[in-house]
Amino acid sequence: METDFFIIDRESFEQIYLRHWEGMFAFCLSNIQDEEHAKEIVQDVFKSLWERRNELRLKEVERYLIRSVKLKAFEYIRNKVSRQQHLSNISNTSESHYTDNTLIAEELANKISHLVNTLPNQCRKVFRMSREQGLTNKQIAQELVISERAVEYHISRALKTLKTELTEYIS
């Protein structure tokens, strides 16, 4: 009964390759629409056939090859669709997070601006000079003709007000 199986040696493998490669490639290409990947799939099937030649007990080599290339092509399509869905999900999630973060940042900036505008006049001036203009306490004190201690007081007061009013944004 062992003689019912096809024995694959080097010569028969070359004949099988020459006889079936083109048809397998055409079938695979028509299914996956990607020439390079179709070539890789067909080569993988032949490589597997060669590597497993001593284990395989084949009666119909052509049937085995067509079935193998069909399975590999469908696996490629399934993985490609899965990858595309995954990338789409990542892209949508990233865009959504970006949009959410942008909206939160805009909302926070507006709230800070509003809170700074509600500070007492001198406190507001000192805070803006410190945070928006980047001036040192000494420079602010010289420009407003107040003590550095007064500058520190106004900045502390402004920060305390902001911290109290912005607790929802502070983690």
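**Helices, loops and salt bridges in a predicted model**

Valine 145 is exposed, with a relative accessible area of 73%; here exposed means over 50% relative accessible area, buried means under 20%, and partly exposed lies in between (1.4 Å probe, protein chains only). The structure is a predicted model, in which local features need pLDDT of at least 70 and side-chain atom pairs count only at pLDDT 80 or more, while totals for chains, interfaces and linings use all residues. Residues are numbered from 1 along each chain as its sequence is written, and side-chain values use heavy atoms, with hydrogens and water left out.

The chain contains six helices and zero strands, where helices (H or I, at least four residues) and strands (E, at least two) are DSSP runs numbered from the N terminus. The order of the elements from the N terminus is α-α-α-α-α-α. Of the 171 residues of the chain, 23% count as buried. The chain exposes about 12,400 Å², of which carbon and sulfur atoms supply 50%; accessible areas come from the Shrake-Rupley method with a 1.4 Å probe, and for residues only the protein chains shown count as cover. Contacts, defined by heavy atoms within 4.5 Å, were also examined by their separation in sequence. Among those between residues at least 6 apart, 58% join residues at least 24 apart.

Valine 145 is placed in the loop between α5 and α6. Its phi is near 55°, a positive value in a residue other than glycine. A positive phi, of about 60°, is also found at glutamine 33, which is not a glycine. Glutamine 33 belongs to the loop between α1 (10–32) and α2 and is exposed, with a relative accessible area of 63%. Isoleucine 146 lies in the loop between α5 (137–144) and α6. At 22% relative accessibility, isoleucine 146 counts as partly exposed. When residues up to four places away in sequence are not counted, isoleucine 146 touches Gln122, Val126, Ala141, Val151 and His154.

An α-helix has 3.6 residues a turn, so residues three or four places apart point the same way. Helix α6 has 18 residues and reaches 26 Å from its first C-alpha to its last, close to the 26 Å expected at 1.5 Å a residue. This expected span is 1.5 Å times one less than the number of residues.

Serine 130 is located in helix α4 (residues 121–131) and is buried, with a relative accessible area of 11%. The side chains of serine 130 and arginine 131 are joined by a polar contact of 2.7 Å. A polar contact is a pair of N or O atoms within 3.5 Å; within protein, one must be able to donate a hydrogen and the other to accept it, and residues adjacent in sequence count only if both atoms are side-chain atoms.

Side chains of opposite charge can pair when their charged atoms come close. A search of the whole structure finds eight salt bridges, each being a side-chain nitrogen of Lys or Arg within 4 Å of a carboxyl oxygen of Asp or Glu. One joins the side chains of glutamate 55 and arginine 52 (3.9 Å, N to O). Glutamate 55 is exposed at 58% relative accessibility, whereas arginine 52 is partly exposed at 33%. Another salt bridge links glutamate 168 and lysine 111 through their side chains (3.5 Å, N to O). Glutamate 168 lies in the segment after α6 (148–165) and lysine 111 in helix α3 (residues 61–118), so the pair ties together parts that are 57 residues apart in sequence. Glutamate 168 counts as exposed at 58% relative accessibility, and lysine 111 as partly exposed at 29%. Salt bridges that share partners also join Glu35, Glu36 and Lys39 into one network. Within it, the closest N and O atoms of glutamate 36 and lysine 39 are 4.0 Å apart. These two residues are separated by about one helical turn, because they are three residues apart in helix α2 (residues 35–51).
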